[in-house]
Amino acid sequence: MISNRSKRLEKVHVVLGNKSCDLDSLISTLAYAYFLDKVSPPDVLCLPVLNIPRRDFSYFTETRFILEELNIPESFHIFRDEINLHQLNAEGKLSLTLVNSNMLTSEDESLQSAVVKVINPDEQCDGSLELEASSSSLVVKEILQEAPELITQQLAYLLRGSILFKCLSLEADRITEQQEKVLSILEEKFPDLPPREEIISVLQETQLNPQGVSIEEVMLKDLKEISDGEIKVAISTVYMTLEVRGNKNSISQCLPEGHPYKSI
């Protein structure tokens, strides 16, 4: 389909996830690009782009798990280092939808003129103490309003898992009214979806016990930098069981010699 459409291609509409490439961002990116592909004119190619290099995708165990469950191979994805957005923009072909962020990175600031839409749950927050929505729930709402027939059971599985995992990541024991409404619609439409508790349990286990990923990769996945302009401090989060935390030396032994976290 892409090869045929590219012959008469005039525009490329890229749905770009955020740099953290968390499950909510990735699933929202894939789902919204799918939606746009179905409702856009034939001369517009709609592409989901994951905002990380391909080599980093192995870090995202919960994301890989839910995609593998649905037999969606990694080779189907387009990563940020595999597409020249700046060239497309210079040719006047690029439109951008940003997911989970309303800001481009410093190296992509010149693409701001191509941004036509932002899907950012932070902008939907009403200032109350209630948890903000996920991007996935916003995407589901728009598809249900504009083209509900596009919600397949596979897509419902992805979006529902993403919303549930978002709640889990926020360490919440409750789901917002908006999220509950979206989840209920998906569950009524597809009653064969697995129980919520099962999905949450499996994703939590995958997050706490990633298979085939080193401690160093886990740290790099969630690495954040804090700077006062002169000094930079790297902070990372590692999910682990209490038993593993009690044996801190075993973690240190997993890191290569000279690694900055080796002495922690």
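Analyst: A salt bridge is a side-chain nitrogen of Lys or Arg within 4 Å of a carboxyl oxygen of Asp or Glu. This is a predicted model, in which local features need pLDDT of at least 70 and side-chain atom pairs count only at pLDDT 80 or more, while totals for chains, interfaces and linings use all residues. Residues are numbered from 1 along each chain as its sequence is written, and side-chain values use heavy atoms, with hydrogens and water left out.

The part to look at is strand β4, residues 94-99. Strands (E, at least two residues) and helices (H or I, at least four) are DSSP runs numbered from the N terminus. Six of the six residues of β4 are buried (under 20% relative accessible area; exposed is over 50%, partly exposed in between; 1.4 Å probe, protein chains only). Strand β4 is therefore largely enclosed by the rest of the structure. The cover reaches both of its faces: L94, L96 and L98 are buried on one side, and S95, T97 and V99 are buried on the other.

Strand β4 has neighbours to pair with, where a pair means that DSSP finds at least two bridges between two strands. Strand β1 (residues 11-16) runs parallel to β4 and is joined to it by five bridges. Within this pairing, L16 has L98 of β4 as its bridge partner. Strand β5 (residues 115-119) also runs parallel to β4, and four bridges join these two strands. Here T97 stands opposite K117 of β5.

K117 and E142 form a salt bridge, with their closest N and O atoms 3.5 Å apart. K117 has 30% relative accessibility, so it counts as partly exposed.

R196 and E187 meet through their side chains at 2.7 Å, N to O. R196 counts as buried because its relative accessibility is 18%, while E187, at 22%, counts as partly exposed. Both residues belong to a network of salt bridges that links R160, E180, E187 and R196. The side chains of D56 and R55 also meet in a salt bridge, at 3.8 Å, N to O. D56 is buried at 18% relative accessibility, whereas R55 is exposed, with a relative accessible area of 63%.

Helix α7 covers residues 177-189, and its 13 residues should span 18 Å at 1.5 Å a residue; the expected span is 1.5 Å times one less than the number of residues. The end C-alpha atoms of α7 are 18 Å apart, which agrees. Q179, V182, L183 and L186 are the buried residues to look for in α7. Seen down the helix axis, the buried residues of α7 fall within an arc of 95°, so they line one face of the helix; the arc is that of the directions from the axis to the C-beta atoms. On the face turned away from this buried side, α7 carries the exposed residues E177, K181 and E188. In strand β4, by comparison, both faces are covered.
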